[in-house]
Amino acid sequence: MILTNNLTVNEQRHLAVGGADTVELAERFGTPLYVMDEAMIRKACRQFKQSIDTYYGGRGLPHYASKAFCCKEMCRIIADEGLGLDVVSMGELYTAMSVGFPAQDIGFHGNNKTEEELRYALECGVGHIIVDNLTELDTLNALAGEMGKNARIMFRVKPGIEAHTHEFIMTGQIDSKFGLALENGEAMEAVKRALSMEHVTLGGLHCHIGSQIFDIDPFVMAADVMLHFIADIKAQTGYAVEELNLGGGFGIKYTQEENPVEYDQYMRKVSDKVKADCQALGIDQPFIVIEPGRSIAGPAGLTLYRVGSVKEIPGVRTYVSIDGGMTDNPRYALYQSRYEAVCANKADAPRDQIITLAGKCCESGDLIGKDMPLQKTEPGDVVAVLATGAYNYSMASNYNRATKPAVVMVKDGEARLIVKRETPEDLIRNDL
């Protein structure tokens, strides 16, 4: 059972990622341990960039959504690959700026940015502040005037599309905390207000319909809605919107049953719609931005755990308990997300046991997955949970005062530490 072609079984019968032996990684760096494959990350970046260059004639740019996985080294890689970056907090922006990421290629998202965050974004000179609501627009205009700046903005617009995904990660429909609605005229009101303001410049529009989406059609529909709105703006105000951010949300393969479409197919089909609509509506084709986050980081990562105990309840369930859990991967607790797991030190053996992978938190819902196939395991074995590169490290917590795991990057069989493991001293650093 191998989800991605960077995973192999070596001569020691161990699972290897990017040529690095996962059992040796667990011994060297400890567990739990996040492992990221640099070659796979870079390959995905290049595929997105090449695809958008091909289908939009070089008039577009992928922006890596840093909420999926953000650290200094990831920001360096994204900059090196020539992608832009989306951030959603002062912390993510600070991380990017700390390694000299080009501020003009950064978009700052968020539905409730604080004045402190807006000031920092203006000081950094980010390329776009993606404005979520009218209150933020007024606040930003005032702050920019006070600071002697001009804020280049996009508006986040709800295109009214309900993608087929978990309800917690659908964001394009009207009943969402994100963005401005089209149906009630709110989005057009925001555009007209921005065009009258002295200290903001409207650069474009943004939409995002959700995450972990496997269908292409919702993306096509969203592009159609947004381009018609751009045409309406031009008709009512004379203003030609220059940029359109179509968001992200491309699904990845967490289990064998899932079959995400190739990104190139998405890009081709959506670009066909963009070109056809622009011609039919008599508008210039805007510069296109997309936001792949999970689809760059997710498949490139896995998490290694050490088995502590195996509890067999005859006729009921077998619990395999590991030294991590919801503190380093909360996605099962949040979404009942499914994963594939492998006993890394018995990787060539059949996965002929059905188990529940249990975490160590004092919480009955602390699971990585129920009824998962896994090799026969015993205390001391190393378990690898696959496709954990996105929304695991970034959502990790210190619940039960657990320390957050280290992160290593592998390349050509070699591993380097990119985020140190937290220590108990780190947990009490800010205590008084």
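1. How many strands does the open sheet with the order β1-β2-β3 have? The open sheet has 3 strands, and their pairing is antiparallel. Strands pair here if DSSP finds at least two bridges between them. Helices (H or I, at least four residues) and strands (E, at least two) are DSSP runs, numbered from the N terminus. At the edges of the sheet lie β1 (7–9) and β3 (20–21), each of which pairs on one side only. β1 and β2 (residues 15–17) run antiparallel and are joined by 3 bridges. Within β2, Val17 is the bridge partner of Leu7.

2. On the basis of the model: this is a predicted model, in which local features need pLDDT of at least 70 and side-chain atom pairs count only at pLDDT 80 or more, while totals for chains, interfaces and linings use all residues. Residues are numbered from 1 along each chain as its sequence is written, and side-chain values use heavy atoms, with hydrogens and water left out.

3. On confidence: pLDDT is the predictor's confidence in each residue, from 0 to 100. The protein has a mean pLDDT of 93, and 96% of its residues reach 70 or more. Over residues 165–172, pLDDT stays under 50. For that stretch the model has 30 contacts beyond four places in sequence, a contact meaning heavy atoms within 4.5 Å.

4. On helix packing: two packed helices are described by the angle between their axes and the distance between the axes. The axes are lines fitted to C-alpha atoms, for helices over the stretch in contact, and angles run from 0 to 180 degrees between N-to-C directions. Angles under 35 degrees count as roughly parallel, over 145 as roughly antiparallel, 65 to 115 as roughly perpendicular and the rest as oblique.

5. The axes of α6 (residues 134–147) and α7 come within 10 Å and cross at roughly 10°. α6 is therefore roughly parallel to α7. Leu134, Leu137 and Asp138 of α6 meet Glu189, Ala190, Arg193 and Ala194 of α7. This contact of α6 with α7 has 4 nonpolar, no polar and 3 charged residues. In these classes, Ala, Val, Leu, Ile, Met, Phe, Trp, Tyr, Cys and Pro count as nonpolar, Asp, Glu, Lys and Arg as charged, and the others, Gly among them, as polar.

6. Helix α7 (residues 186–195) also packs with α8: their axes come within 11 Å and cross at roughly 50°. α7 is therefore oblique to α8. The crossing of α7 and α8 is right-handed; a crossing has that hand if the near helix is turned clockwise from the far one by less than a right angle, and is left-handed if anticlockwise. On the α7 side the contact is made by Ala187, Met188, Val191, Lys192 and Leu195, and on the α8 side by Phe229, Asp232, Ile233, Gln236 and Thr237. The residues of this contact of α7 with α8 divide into 6 nonpolar, 2 polar and 2 charged.

7. Helix α8 (residues 217–237) packs with α9 (residues 263–281) at an angle of about 25°, with the axes 9 Å apart. These two helices are therefore roughly parallel to each other. α8 passes α9 in a right-handed crossing. Residues of α8 in this contact include Phe219, Val220 and Leu227, and those of α9 include Tyr266, Val270 and Leu281. The contact of α8 with α9 divides into 10 nonpolar, 1 polar and 5 charged residues.

8. On backbone details: Thr31 and Pro32 are joined by a cis peptide bond, with omega about -10°. Pro32 sits in the loop between α1 (22–29) and β4 (33–37). Asp371, a residue other than glycine, has a positive phi near 50° and lies in strand β18 (residues 367–374). Arg401, also other than glycine, has a positive phi near 55°; the place of Arg401 is the loop between β19 (382–386) and β20 (406–411).
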